[in-house]
Amino acid sequence: MYPTDRPRRLRSDGIRPLVSESSLSASDLVAPVFVDATTDERVPIESMPGHERVPVEEAVARVEEVRDTGVEAVILFGIPETKDPEGTRAYAADGVVQRAIRRISESTDAYVIGDVCLCEYTDHGHCGVIEEDAETDPTLTVRNDETLELLAETAVSQADAGADMVAPSAMADGQVGAIRSALDDAGHEDVALMSYAAKYESAFYGPFRDAADGAPAFGDRRHYQMDPANRREALREARLDAEAGADVLMVKPGLPYLDVVSDLRREFDRPIAAYNVSGEYAMLHAAAEKGWLDLEAVAYESLLSLKRAGADLIVTYFAEDLADRL
Ligand code: PBG
């Protein structure tokens, strides 16, 4: 009549930690940092409470704040002084991100990752150079192969500045191969590459696009970012990137795509990253502000679920707050 198998036996305080299957620590986390060439003081990002755009002069101080919490890795995004159709400030030696990376790598021990994309740098807000009639013809957007050269140049310029890792996020076909060979040709064989392998065309990027001023001026990104309906296709994307030399494979966003994190974990022997994106951060903050959720608890549970699904590392705006608690 009574159960012989009682899972509750393993839930008492003494045994819980011994049988715990996943854990979260500060060394799993990467903190996004925004450097802004258009300001000389820190500007709070309204839709991402606690985050700011900082001028290059403050980049080192900002990274030191992150490291003080125990988080050792940062990923840099830039807001350039000017934008143009080719996104030239993305690959300028004196671009905002390149200047920040130079300072950070000279004066801190942080692990520095550069996000490689053109959308913050193009005046049309797309992730590469666009077709001539793209503005009026919604079937046209980014010219894939021309964009590859610019992404490769961006990655090399970041590596020249001292980046430890580059992370292409433009979803151009062949971007990993193009960047890897450009890095190697430039003598940057030791610079690692984390690909945004399965990056979906997601509405959860909204707050980031405010933060980095990178929303497309027309159209959307559905011709190059993945369809949220697709799961098998993520394996194909990840395979192409792994074969082209990606050291780490990322899934983005995180929480709405736990199945994809889990698939990549099972299928590949490389580290898997998950990007807990701006919308995932903003929605928990908004609910907590209303008193409907306990922010720290839901943030912790969210990141733990990404670890449980199979992520080794997590890019998250919660990095500093959670590391402080861990
Ligand atoms: C650049 C890029 C984006 C994000 C990271 N890199 C924006 C986009 O694709 O529109 C989103 C990050 C976030 O929402 O936190 N391509």
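**Ligand shell and pockets**

By class, nine nonpolar, three polar and six charged residues make up the shell around the ligand.

Me: Is this model predicted or what is it?
Reply: It is a predicted model.

Me: How many residues surround the ligand?
Reply: 18 residues surround the ligand. The closest are Lys199, Arg209, Lys252, Ser278 and Tyr317.

Me: What distance separates Lys199 from the ligand?
Reply: An N or O atom in the Lys199 side chain is 2.7 Å from an oxygen atom of the ligand.

Me: And Arg209?
Reply: For the side chain of Arg209, an N or O atom is 2.6 Å from a ligand oxygen. Arg221 has a polar side-chain atom 3.1 Å from an oxygen of the ligand.

Me: How much of the ligand's accessible area does the protein cover?
Reply: The protein covers 100% of the 400 Å² that the ligand has on its own.

Me: Which cavity does the ligand take up?
Reply: The space taken by the ligand is the largest cavity.

Me: New topic, pockets. What volume has the largest pocket?
Reply: About 410 Å³. Its lining includes Leu10, Arg16, Glu301 and Arg308.

Me: Which elements give two or more residues to that lining?
Reply: They are α1 (16-19) and α10 (295-309). The largest share, four residues, comes from α10.

Me: What classes are in the lining of the largest pocket?
Reply: Four nonpolar, three polar and five charged residues.

Me: What about the second largest pocket?
Reply: The second largest pocket holds about 220 Å³ of space. It is lined by 15 residues. Met171, Asp173, His223, Tyr224 and Gln225 lie nearest its centre.

Note on methods. Residues numbered from 1 in each chain as written. Predicted model: local features only at pLDDT ≥ 70, side-chain atom pairs only at ≥ 80, totals over all residues. Heavy atoms only, no water. Near = heavy atom within 4 Å. Polar contact = N/O pair within 3.5 Å; in protein donor to acceptor, adjacent residues only side chain to side chain. Areas by Shrake-Rupley, 256 points an atom, 1.4 Å probe, with all protein chains shown as cover. 1 Å grid on protein atoms, 1.4 Å probe; cavity = no way out; pocket = protein on both sides within 12 Å on 5 of 7 lines; lining within 4 Å. Sits in = over half its atoms within 2 Å of the grid points. Nonpolar A, V, L, I, M, F, W, Y, C, P; charged D, E, K, R; others polar. Points joined across faces, edges and corners; volume = space filled by probe spheres on them.
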